[in-house]
Amino acid sequence: MLAGLDSEAEAVDSAAESASDFAATNSFLGSNSGPAGLTDSHCHLDFPAFDADREEVMARAVAAGVERFLVLGVTAKQWPRLAVMAASFSRWRVAYGLHPYFLAERVIGGEPELSDFANDLALLPEFLQKDALAVGEIGLDATRPLFDLQLALFEKQLSIAADMNLPVILHHRKTLDTMLPMVKKAGVRGGIVHAFSGSYQQAMQWVDAGFRLGVGGVITYERARKTRDAIARVPLNALVLETDSPDMPLSGQQGQRNEPANIARIALTLQQLR
Ligand SMILES: [Zn+2]
């Protein structure tokens, strides 16, 4: 089963990785270093939640067979620290983007407008040029405020991704069907739908648009019937494993910090569902 997850990427020579090549993302997500090499394709290891024991968390992941970490950008304020950390951890690769969850905090004591993000948007390509694998995490979250601003920033970042020929890593909450036409219109060549949850039909619409689906702790919950059913049926090479650490704890670990070592349990659950 796991060999199947990696089959597409195995065809991609790791030496051919380049920052602006979608193949680089596939190569990174797949295994180039042996059958046990799993990837956490979505985590926030740079977050303060890991400041006290980051190296131990990574060591536990490696011991569980999780050898690579894709760490995501969320705000322009966070990008420089992420870049510095990524330079010191050879197992890390990065993406940069403006996450819809954090827009309100851009302006202290007021409501931000698109113009408040002009500098961030100008800076984004500079960071992306530093060896980033994707633009992310970006998207739309219907449970968060400032939806018009979210839409404007999402559109701008999609166009940067299309211009730079980079894949995107998409955050969504009750917005999958809004986002798909926007992604297609922008001419983005694919990416990952982070924490996919939805029906088989929705899953296949994204797969047909060139996307892979991020499979995380959600599938360890028996009540997630629709998502488990969809994940069991889509082509295996359209799935990537992820934790979203420190968030999205697995079933039985509610209230605890999530960590990349849990990729092993998510992989096992996926194997059981297939
Ligand atoms: Zn995330």
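The protein chain has ten helices and eight strands, where helices (H or I, at least four residues) and strands (E, at least two) are DSSP runs numbered from the N terminus. Please keep in mind that this is a predicted model: local features need pLDDT of at least 70, side-chain atom pairs count only at pLDDT 80 or more, and totals for chains, interfaces and linings use all residues. Residues are numbered from 1 along each chain as its sequence is written.

Let's start with burial. Of the 274 residues of the protein chain, 43% count as buried. Buried here is 20 or more other C-beta atoms within 10 Å of a residue's own, exposed is 12 or fewer, and partly exposed is in between, with C-beta atoms placed from the backbone.

Now to the strands. Strand S3, residues 92–96, is mostly covered, with four of its five residues buried. S3 pairs with S2 in the parallel sense over three bridges; two strands pair if DSSP finds at least two bridges between them. Leu70 has Arg93 in S3 as its bridge partner. S3 also pairs with strand S4, residues 134–141, in the parallel sense over two bridges, and there Tyr96 stands opposite Val135.

Tyr96 and Val135 come back in the core. The largest nonpolar core has 65 residues, and Tyr96 and Val135 are among those that touch the most other members, including also Val71 and Leu213. Such a core is a set of buried Ala, Val, Leu, Ile, Met, Phe, Trp, Tyr and Cys residues joined through C-beta atoms within 7 Å. And what does Leu213 touch, not counting residues up to four places away in sequence? Val193, Phe196, Ala203, Trp206, Val234, Ala238 and Leu239.

Next, a helix pair. The axes of helix H5 (residues 118–128) and H6 come within 11 Å and cross at roughly 35 degrees. Axes are lines fitted to C-alpha atoms, for helices over the stretch in contact, and angles run from 0 to 180 degrees between N-to-C directions. Leu121, Leu124, Pro125 and Leu128 of H5 make the contact with Lys156, Ile160 and Met164 of H6, contact being C-beta atoms, placed from the backbone, within 7 Å.

Finally, have a look at Lys77, in the loop between strand S2 (66–71) and helix H4 (79–88). Why is Lys77 counted as exposed? Because Lys77 has 11 C-beta neighbours inside 10 Å. The C-alpha atoms of Lys77 and Arg106 are separated by 9.0 Å, with the two residues 29 apart along the chain.

Key
Contact = placed C-beta atoms within 7 Å.
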